[in-house]
Amino acid sequence: MHVQAQNISADKIIATTDLSNYLNTEVKENLGEDITEAKLAGYLREKFQQRYFYNYKNLSSKFEQYNSVYPQIESHHRQRAEDHLSKYPGATTWKLPFNYLNGQPVDAYALRHLARQHKMLDIAFLYNYRNQDSQYLDYFTSQLNSLNNAFEAGNYETIEDGNGVYEAFRSGYRVLNWLQIHNMFLGEEDYSDKDQLTTIATLLQHGQHLYENNQEFTPGNHQTRGMSALAMLSILFRDFEGTEEWYAHSMQLLQEHLSAEINADGFQSERTVHYHMSDIKNYFYVFQLARNSQIEVDSVWEEKLKSLFTTLAKIAYPDGSAPVFSDDTDAPWAEKNDISGAMTLGYLLFDDPQFGFFATNKVDPDMFWYLSKEQLLRLETIEKQVPEFGSLEFPVTGYYIMREGWEKGDMMMAISAGVDDEKPDHQHGDVLGIQAMANGRVLLPNYQVRYYLKDLELFKNSLVKNVALVDDELQGKDYRSNKGGSGFGKFATLPTPETKVFKTQAELDLFVGTHDGFSEIGVDYTRKVIFVKNDFWIVVDAFSSEKPHDYKQIWQGHYTSENNKGLLRSTFEDGSGLDIFQLKNIDGIESSGARGKQWSVVNKKAAQNHRFLTILHPFRVFDARIDENSDSPVIAGWDLNDPLWKIAGKNATAITKDRKGFFFSTEGIKIDTTELIFETPTDIYFKMKKGQIHLQSLEGKSINVQINKDSELLKKLKIAPGENTVIN
């Protein structure tokens, strides 16, 4: 449906000589009858300096501070600017196929980034680094005009082509970048009144195009980026007739995105740290501009925006970084995310010292330009408070955090047990996958990706995740590259997870979950993770089937096999490391890798049913490792199958310490004169303390137990999944 809400057209760029006709009545009256281009440009410069994030007249001092705070930034901008200048003429083409200046073909990925105009911003910086050399300013105006000419001629990539130059995400990013460039050039003599008005006319056409083509809510960050840009335009250019409708509409849609895509648990629905932080910026630009102009926004904004920062604190590793979740793309192959810049921004917005814990004395370089002088001064004295968050869950998003504490060497694990039902495009094949940190090291990593890399499909799927697999099945099925051919791709099918238990308490955390990823080949699968606080994790991967299959665990990291009993070890330069110890017989371990990363595959072949019972034991020093030469090793002070405990069951296993223990597939436990008898083979945590028996189910279903004392029946119990009970 074509919507014409005001005089500004989405189908043409207003001539600079006609631009005054589109001003609202109040501005027209203030400016009088004879509104020349010079008069209009002067008026709009004055208003822009009042409304934008900083006054263009202070550019020189702000630029000097920027280079002082980020001493390596000049080379970054120069490299990017020169890359763009070497590839495209000012009057470039906007429709494939066409070639770079060197004759090589431009691909879809590159065109999309040209449309965002990221590196045009670097060229504006280059203008300042090279003593206001006008060729760089002229290059900007030439490229902007080339897009306008392509638009009016209909010679540009459309949304139907898959690489739409005016698609909301690309158009929105272009607006953000061009607004900053416009402000950087406003005080320059070479940026004539006509140039300035041409930029404004172009931005107005962009605004109306965003308005008309985003009438209905569409899930995802693409529309959010576009509506963020539209809201910014409506605030900065509110002198023009009808921009108040842009503002109302964009703010309504953005609020719908806040409500629909910031889950009730505080996580951005696409389940990645990268897109989570990108959304923070989308909302921040509008929030900051509105506050600068004393425009009141709905309280939902502040609540939801703050929740985005709180979520980053909740998922953070003890060293202040964050795990890699799905399509995190800032640093390909990196094993964690830098969230310090985002959290510094959160500290400045909300004065929360828990955010200050992660903050540094500078924000990310790109955000420097959107903060006031007063905000930047506050970074000299950051109030820091250790976060109060312990082990916790994001039940809607499906992330589960097991945390020891906030000292840098503390243990922390993240479990991924969710798939977004609306837009799982960025989801990887890591359902029930885990990541872990201890001793300041990422022990079980996940890896960041980049869309244009040829092996994106490999790095999105299960071989590079800490998951369990069956036969040659991977979790992600039917991988499809996007229509435009930019490299991005997604899976048509992913397993559906179900969390049975997540329980956290002083001594241990318990997660029990399942997924249906192997149901088509007749295999039921459950993963349990038990965090024995301060000591280790126990991972139980249970498979059952009517037919034999090959069952596998995948572990990321650089490991060597330490003995023939299933002990894998990775060590770091300071001597700390991780032992992965199999408590059940396996049939072999194979290693593979790519891009400098490595993974080990633990195999159990041709079995109907199998349970991997695995200890993940981080050690700080050599003497704390699992002794690879021992027949009955001690694991962080815990004994394996100590004969003091009598356990029944063909496949029963016990990990005990003093008078407490974890028992797996047990049908009965006896110590001294106390005996427990289970109706079916059961996983249970048992502790005797001060004349009491403490039991916790480690099952995702209810269990029945009979307790005898001195061969006499003491009690019969039914224990709910994951629940505790105490018997005197």
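Guide: In this predicted model, the lining of the largest cavity divides by class into 6 nonpolar, 5 polar and 2 charged residues. The lining has 13 residues. D430, G433, I434, Q435 and N446 lie nearest the centre of the cavity. Two strands, β3 (412–416) and β4 (433–438), each supply at least two residues of this lining. The space in the largest cavity is about 60 Å³. A search of the whole structure finds 4 cavities of 30 Å³ or more.

Now the open spaces. The second largest pocket has a volume of about 750 Å³. Its lining counts 31 residues. Nearest the centre of this pocket lie A542, F543, H610, R611 and S665. Six strands each supply at least two lining residues: β10 (508–515), β11 (523–532), β12 (536–545), β19 (610–619), β24 (660–671) and β25 (674–689). By class, the pocket lining has 7 nonpolar, 13 polar and 11 charged residues.

Charge pairing comes next. Side chains of opposite charge can pair when their charged atoms come close. The structure holds 37 salt bridges. One of them joins R378 to D351, with the closest N and O atoms 2.4 Å apart. R378 lies in the loop between α17 (373–377) and β1 (392–394), and D351 in the loop between α14 (340–350) and α15 (353–356), so this pair ties together parts that are 27 residues apart in sequence. R378 is partly exposed, at 27% relative accessible area.

Another salt bridge pairs K552 with D472. Here the closest N and O atoms are 3.5 Å apart. The pair links distant parts of the chain, 80 residues apart: K552 sits in strand β13 (residues 549–556), and D472 in the loop between β6 (468–470) and β7 (477–481). K552 is buried, with a relative accessible area of 15%. D472 is exposed, at 73%.

E498 and K500 also meet through their side chains, at 3.3 Å from N to O. E498 is partly exposed, with a relative accessible area of 43%. K500 is partly exposed too, at 39%. Elsewhere, salt bridges with shared partners join E562, R569, D579, R625 and E628 into one network.

The rings remain. There are 54 aromatic pairs. F267 and Y399 form a tilted one, with 5.1 Å from centre to centre and 45 degrees between the planes. F267 lies in the loop between α11 (243–261) and α12 (273–292), and Y399 lies in strand β2 (residues 399–403), so the pair ties together parts that are 132 residues apart in sequence. Both F267 and Y399 are buried.

Charges also sit over rings. R403 lies over the face of W406, 3.9 Å from the ring centre. The charged end of R174 sits over the ring of W178, at 5.7 Å from its centre.

Back to the starting point. The largest cavity draws at least two lining residues from each of β3 and β4, and its lining includes 2 charged residues. The lining of the second largest pocket includes 11 charged residues, and R611 is among the residues nearest that pocket's centre.

Note on methods:
Residues are numbered from 1 along each chain as its sequence is written. This is a predicted model: local features need pLDDT of at least 70, side-chain atom pairs count only at pLDDT 80 or more; totals for chains, interfaces and linings use all residues. Side-chain values use heavy atoms; hydrogens and water are left out. Rings of Phe, Tyr and Trp (its six-membered ring) pair if their centres lie within 6.5 Å; planes under 30 degrees apart count as stacked, over 60 as edge-to-face and the rest as tilted. Helices (H or I, at least four residues) and strands (E, at least two) are DSSP runs, numbered from the N terminus. Buried means under 20% relative accessible area, exposed over 50%, partly exposed in between (1.4 Å probe, protein chains only). A charge sits over a ring if NZ of Lys or CZ of Arg is within 6 Å of the ring centre and within 35 degrees of the ring normal. On a 1 Å grid over the protein atoms alone, a cavity is a set of points where a 1.4 Å probe fits but cannot get out, and a pocket is an open set with protein on both sides within 12 Å along at least five of seven lines; lining residues have an atom within 4 Å of a point. Grid points are joined across faces, edges and corners, and a volume is the space filled by probe spheres set on the points. Ala, Val, Leu, Ile, Met, Phe, Trp, Tyr, Cys and Pro count as nonpolar, Asp, Glu, Lys and Arg as charged, and the others, Gly among them, as polar. A salt bridge is a side-chain nitrogen of Lys or Arg within 4 Å of a carboxyl oxygen of Asp or Glu.
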